[in-house]
Amino acid sequence: QSSKTETVCLAAAAQKNIIEHHIHLLGKVGIQPSFITFDTLALYNLNQLIGGSVKTYAIIDLGYQKSSICVIADGKLALTRTFYTGGRDIDEAIRNDMNLTLEQAAEVKEKHGVLELDNQPLKSGDLQRLSTSIKSVINPLFQEIYQSMHLFRSQDWIPEESQRIEHVLFSGGTSLLRNLPEYFTQLINIPAQRLHLLEDQDPERPSR
């Protein structure tokens with residue numbers, strides 16, 4: 001991003017062996033890439049599918065092995081970060097806390113995964129235990145995301161009127177946990193919803 005008076009450059013780094021492994025896997029299926037992108041930069045491409053009047057918002061992808069955040073301010077990429085926490089860590093927590101196999105833990109998460117809310121207490125003791133296990137992973141992750149939001153606001157090139165993140169959109173398989181956007185809002189006090197790619201994407205539109 002550049003103008004007459006300034007240029008903003010985003011730099012990314014990755015271990016050489018990870019890139020080599022990625023290229024090797026692509027070569028095995030007959031793909032020779034011209035370039036390799038980063039998940040967080042790929043998230044920014046979703047910006048083209050999102051309309052509405054929100055000035056600054058974040059897209060957070062919660063995957064199986066890692067999670068990523070992309071902050072968009074005034075239609076421009078303002079911050080990207082990747083955290084190596086994801087659904088796999090939740091599976092591990094459920095397995096350890098509920099004495100299950102990893103396959104059983106993944107099935108329990110998929111079928112019954114829920115986060116208890118302050119205003120919606122769970123009636124089942126088993127679901128309360130499940131929620132506690134999930135929160136043991138989600139809470140530290142959300143704390144890192146919150147710190148990233150502080151990092152975004154500390155950048156002096158961001159106009160003051162664009163420094164407040166007004167909305168958060170979640171994507172990825174782990175975002176399908178029941179009450180996850182609502183739990184994020186409870187902790188961080190920022191409206192959140194899941195990103196429905198096949199619907200009109202207005203960040204101000206309430207989730208279904």
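Colleague: Let's start with S175: buried or exposed?
Modeller: S175 is buried, because its relative accessible area is 2% and the cut-off for buried is under 20%. Keep in mind that this is a predicted model.
Colleague: Where is S175 found?
Modeller: S175 sits in the loop between β4 (167-171) and α6 (180-188).
Colleague: And what does the side chain of S175 reach?
Modeller: The S175 side chain reaches the backbone oxygen of G172, at 2.5 Å.
Colleague: Which residues does S175 touch, not counting those up to four places away in sequence?
Modeller: With those left out, S175 touches L62, F170, L180 and R194.
Colleague: OK, on to the core. Which residues touch the most other members of the largest nonpolar core?
Modeller: That core has 36 residues, and the ones touching the most other members are I69, I145, M149, V168, F170 and F184.
Colleague: Which elements give two or more residues to this core?
Modeller: On the strand side, β1 (56-62), β2 (67-73), β3 (76-83) and β4 do. The helices are α3 (87-98), α5 (125-153) and α6. The largest share, nine residues, comes from α5.
Colleague: What is I145 in contact with, leaving aside its neighbours within four places in sequence?
Modeller: I145 is in contact with I60, I69, F83 and F184 on that basis. There is also another core lying apart from the largest one. That other core has ten residues, among them V54, C70, L77 and L195.
Colleague: New topic: I165. Where does I165 lie?
Modeller: I165 is in the loop between α5 and β4. I165 counts as buried because its relative accessibility is 4%.
Colleague: How far apart are I165 and T56?
Modeller: They are 109 residues apart in sequence and 5.1 Å apart in space, C-alpha to C-alpha. The two are also in contact.
Colleague: Last one, the surface. Which residues form a nonpolar patch there?
Modeller: I19, I23 and I36 form one, with about 210 Å² of accessible area together. I19 belongs to helix α1 (residues 16-28).
Colleague: Why does I19 count as partly exposed?
Modeller: Because its relative accessibility is 37%, and partly exposed covers values between the buried cut-off of 20% and the exposed cut-off of 50%.

Technical notes: Residues numbered from 1 in each chain as written. Predicted model: local features only at pLDDT ≥ 70, side-chain atom pairs only at ≥ 80, totals over all residues. Heavy atoms only, no water. Patch = residues over 30% accessible without salt bridge, like charges linked within 9 Å, V, L, I, M, F, W, Y side chains within 5 Å. Areas by Shrake-Rupley, 256 points an atom, 1.4 Å probe, with all protein chains shown as cover. Salt bridge = Lys/Arg side-chain N within 4 Å of Asp/Glu carboxyl O. Helix = DSSP H or I, 4+ residues; strand = E, 2+ residues; numbered from the N terminus. Buried < 20%, exposed > 50% of the residue type's maximum accessible area, 1.4 Å probe, protein only. Polar contact = N/O pair within 3.5 Å; in protein donor to acceptor, adjacent residues only side chain to side chain. Contact = heavy atoms within 4.5 Å. Core = buried A, V, L, I, M, F, W, Y, C linked by side-chain atoms within 4.5 Å.
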